[in-house]
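Thanks for coming. I have one structure to go through today, and I will take it residue by residue before turning to the whole chain.

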Amino acid sequence: MKRGFFLPPEKLNLGYVASAAGFLLYLVTAALAGQKAAGVVAVIFGVFAVYVFFSVAAARKRNKEAVGYNLLWGTAALALLLGACGVLSVKLWLGL
């Protein structure tokens, strides 16, 4: 089996769950530890969520029956949410 850069189709749901757990961790960190720590969590999991989204999009392109639209749109929404939180955190760090 050829290994590529993206997640294999068997691991896509696990990647989605990890991204969702990252967003939950961001919310908890923002409430308990402060914005700087929450921003670090948002940036790290935002990059991972974008990676999962591109993995889902590539798997959907190869086999449309194996990967549904729910997973594609869900990972896109999660990547946008975490990405927005990460960008706003970086803007706050830089004072913009």
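T75 sits in helix α3, where helices are DSSP runs of H or I of at least four residues and strands are E runs of at least two, numbered from the N terminus. This is a predicted model, so to speak of local features we need pLDDT of at least 70, side-chain atom pairs count only at pLDDT 80 or more, and totals for chains, interfaces and linings use all residues. Residues are numbered from 1 along each chain as its sequence is written, and side-chain values use heavy atoms, with hydrogens and water left out.

Back to T75. Its relative accessible area is 2%, so T75 is buried; the classes are buried under 20%, exposed over 50% and partly exposed in between, with a 1.4 Å probe and protein chains only. A polar atom of the T75 side chain lies 2.9 Å from the backbone oxygen of L71. Not counting residues up to four places away in sequence, T75 touches Y16, V52, F53 and V56, contact being heavy atoms within 4.5 Å.

One of those partners is V52, which is placed in helix α2. V52 counts as buried because its relative accessibility is 0%. With neighbours within four places in sequence left aside, V52 is in contact with L7, L12, G15, Y16, S19 and T75. V52 and L14 are 38 residues apart in sequence, and their C-alpha atoms are 9.6 Å apart in space.

Now the cores. A nonpolar core here is a set of buried Ala, Val, Leu, Ile, Met, Phe, Trp, Tyr and Cys residues joined through side-chain atoms within 4.5 Å. The largest has 10 residues: F23, Y26, A38, V41, A42, A49, L78, A79, L82 and C85. At least two residues of this core come from each of α1 (12-32), α2 (35-62) and α3 (69-94). Apart from it lies another core, of eight residues, including L7, L12, V52 and V67.

L78, a member of the largest core, touches Y16, S19, A20, F23 and A49, again not counting residues up to four places away in sequence.

Further along helix α3 there is S89. S89 is buried because its relative accessible area is 1%. Its side chain makes a polar contact with the side chain of Q35 at 3.0 Å. A polar contact is a pair of N or O atoms within 3.5 Å; within protein, one must be able to donate a hydrogen and the other to accept it, and residues adjacent in sequence count only if both atoms are side-chain atoms. Beyond four places in sequence, S89 is in contact with Q35 and G39.

What about the exposed side? V47, in helix α2, counts as exposed because its relative accessibility is 59%. V47 is part of a nonpolar surface patch with V40, V43, I44, V90, L92, W93, L94 and L96. Together the patch has about 870 Å² of accessible area, by the Shrake-Rupley method with a 1.4 Å probe, where for residues only the protein chains shown count as cover. α2 and α3 each supply at least two of its residues.

Finally, the whole chain. It has three helices and zero strands. Of its 96 residues, 33% are buried. Its C-alpha trace spans about 45 × 25 × 25 Å along the principal axes.

Terms used
Patch = residues over 30% accessible without salt bridge, like charges linked within 9 Å, V, L, I, M, F, W, Y side chains within 5 Å. Salt bridge = Lys/Arg side-chain N within 4 Å of Asp/Glu carboxyl O.
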